[in-house]
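Me: Hi! I'm new to this one, could you walk me through it?
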Amino acid sequence: MDAQQIRQFNHNLLKWFYQKGRHLPWRETNNPYYIWISEVMLQQTQVNTVIPYFNQFISRFPTPDVLADAPEQEVLKCWEGLGYYSRARNLQSGVREVVEKYNGQLPDNKEELLSIHGIGPYTAAALLSMAFSQPEPAIDGNLMRVLSRVFLIDDDISKQKTRKKFEQLASELIAETDPSAFNQSLMDLGAMICRPKKTDCEQCPVNEFCLAYDEGAQLEYPVKSGKSKPRTLNYAVLLITDKQGRYLIEQRPEKGLLAGMWQFPMVALDEYEDQHQRASYIQTRYGANVIPVSEPFSYTHRFSHLIWNLSLLEGWQLDQIGLRERQKWVPFTELNNYPFPVAHQKVIEWIKKNRQNHT
Ligand code: SF4
């Protein structure tokens, strides 16, 4: 993205956040101590569960001094039911450190924050951005999921060096905007719209910038390999022909899975509530109505981190839609001139066998 696009991206994101973002008690303040408590509570626990605990905790321990002096049993009592009780102990010992070393005021620089017991890179970034308005991106699963989809980043997010890459990218984006709102808006976008297994791209404020949306590949990102189980994605592969019997094919993006290869259009089935919604998307995007092929064809293709379940649908283009960038109409005899991944070569084989008139 160039500087102008970054500005527009941030503008869309923040406008959405101010209108639709979640109202949470720790967002009503820039008190670093309160923000710290909320961040600790939010580790491993859902937002809605945290809210009453947070309110109760800050009213019982309104300042670092009060928490530092409180008996541990009382702190644990206030944490009761929230689970992961070591968080409460670590918080109290960190707060005691702040009282002793910093006179009860959390420092406003990364180095000192990271030296405090229980404060890791994420909490430090959240504090710097939300309490001190410093352009420090808070890298978590939400941020990596959203940005990996927007920019088609296929590096394994479980690797440390990938975090660095996101950090660099997010630093470029955050530099142009309100750091606190930037971090919180990506958090909310990841929780409300760009969710792990279901995206609501039509409602997404940054969909015009999102390469995964453009490619219909949202659920393929982020990539998390290693020991995790491969994810299964269900796709319809569309065999769309025009009046001259040519096939519509698309080139995958220059980055990411099967970069630059060609394929028949694919539509992620899990993205749509029902067949109706899916049909309307296909109609709008490809100008075609599609139905399952009369000789049913479904198959599976495995990658190291993904499993594609594919089923073939066919249709004819009814409405003349302009070709998008990276799309082409190609006669069957010329399909061979384009590099297709194995999962789509199977479709070419299927055409050869079942639609002999095109050979
Ligand atoms: S357009 Fe869709 S995939 Fe892209 S960021 Fe928005 S919700 Fe996520």
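Reply: Happy to. A cavity is a set of points, on a 1 Å grid over the protein atoms alone, where a 1.4 Å probe fits but cannot get out, and its lining residues have an atom within 4 Å of a point. A molecule sits in a cavity if more than half of its atoms lie within 2 Å of its grid points. Here, the ligand takes up the space of the largest cavity. This is a predicted model, where local features need pLDDT of at least 70, side-chain atom pairs count only at pLDDT 80 or more, and totals for chains, interfaces and linings use all residues. Residues are numbered from 1 along each chain as its sequence is written, and side-chain values use heavy atoms, leaving out hydrogens and water.

Me: What volume does the largest cavity have?
Reply: About 100 Å³, counted as the space filled by probe spheres set on the points. Its lining has 15 residues, and Arg149, Cys194, Cys201, Cys204 and Cys210 are the closest to its centre.

Me: Is Cysteine 210 buried or exposed?
Reply: Cysteine 210 is buried, because its relative accessible area is 11% (buried means under 20%, with a 1.4 Å probe and protein chains only). Cysteine 78 is buried too, at 8%.

Definitions and conventions:
1 Å grid on protein atoms, 1.4 Å probe; cavity = no way out; pocket = protein on both sides within 12 Å on 5 of 7 lines; lining within 4 Å. Buried < 20%, exposed > 50% of the residue type's maximum accessible area, 1.4 Å probe, protein only.
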